[in-house]
Amino acid sequence: MRVLLMTAVSVEQEAVLRGLQGAENFDVQLAGVGPIQAAINTTKVLESAKSPYDLVISAGIAGGFVGRAEVGSIVVSTEIIAADLGAETPEGFSSLDELGFGATRVPVNPDLAKKVMEALQTAGLQAQSGPVLTLSTVTGTAETAAQLAARIPGAAAEGMEGYGVALAAHERGIPVLELRTISNPVGPRDRAAWKIKDALVALESASRVLVEVLR
Ligand SMILES: O=C(O)c1cccc(C(=O)CC[C@H]2O[C@@H](n3cnc4c(=O)[nH]cnc43)[C@H](O)[C@@H]2O)c1
């Protein structure tokens, strides 16, 4: 299986490469930060690929929803959702789907997600699955975190690139997955408290498992 992993920044790319230990069926490229940059860069990689990819994974650190994904743990997506793509109305948020303009959700193959989850857990890593949200604005208040959790039941993590990476692959018929390791709780902004090193260590460990499961 030929796999493309897209990370937002180079420290994430380096952590993934350490975990992959030179596995030849994986490429790791930079997506940039945010869904638009990620979609553009994923498209560029897919269009210039010498041979087709069988799977594209958006990987990196993320915020974890409290009670769903703790700092240092791993989240495997069951669905990749553009959580702020829509309109604010007096009645609340309306997604692009509800407005009739398109899809905000990219599906993930459930068998693949299950296989990866089970392999991570068998390796003794703390992993859970659930919808992973993509936001252009990092959540910074308890109120927004609660609104997102209520609007998207089971939401496990939020990042800034997954939907962009996923849409670029999905439009070409390539299966997608999002793999996130948690650096901070989703909620009140406390950037200094983000445990980025712990999340990068978890990203390296998770990538080591991918080599075994995605041969
Ligand atoms: O300090 C800020 O206010 C700030 C604003 C925009 C971006 C950042 C970043 O550090 C980039 C975040 C980077 O990491 C992922 N990430 C990690 N935690 C979260 C989160 O709680 N919510 C959304 N994204 C998160 C994200 O995918 C970016 O690649 C800082």
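Let's start with a strand pair. Strand β8 and strand β9, residues 157–159, pair in the parallel sense over 3 bridges. In that pairing, Thr 134 stands opposite Gly 159 in β9. Keep in mind that this is a predicted model.

Now the other partner of β8. Strand β4, residues 74–82, runs parallel to β8, and 8 bridges join them. Here Ser 77 stands opposite Gly 130 in β8.

Next, helix α1, residues 10–20. Which of its residues are buried? They are Glu 12, Gln 13, Ala 15, Val 16, Gly 19 and Leu 20. These residues lie on the same side of α1, because they cover an arc of only 160° around the axis.

After α1 comes Gln 21, with a positive phi near 50°.

On to the rings. Searching the whole structure gives 0 aromatic pairs. There are charges over rings, though. Arg 2 has its charged end over the ring of Tyr 53, 4.2 Å from the centre. Arg 191 lies over the face of Trp 194, 4.3 Å from the ring centre.

Last, the record. An unreviewed UniProt entry annotates residues 28–208 as "domain: Nucleoside phosphorylase". Over residues 28–208 the chain is 35% helix and 30% strand. The end C-alpha atoms of that stretch are 13 Å apart.

Note on methods:
Residues numbered from 1 in each chain as written. Predicted model: local features only at pLDDT ≥ 70, side-chain atom pairs only at ≥ 80, totals over all residues. Heavy atoms only, no water. Buried < 20%, exposed > 50% of the residue type's maximum accessible area, 1.4 Å probe, protein only. Helix = DSSP H or I, 4+ residues; strand = E, 2+ residues; numbered from the N terminus. Arc of directions from axis to C-beta. Phe/Tyr/Trp six-rings, centres within 6.5 Å; stacked < 30°, edge-to-face > 60°. Lys NZ or Arg CZ within 6 Å of the ring centre and 35° of its normal. UniProt positions renumbered as here; feature names shortened; annotations may be inferred. Pairing = 2+ DSSP bridges.
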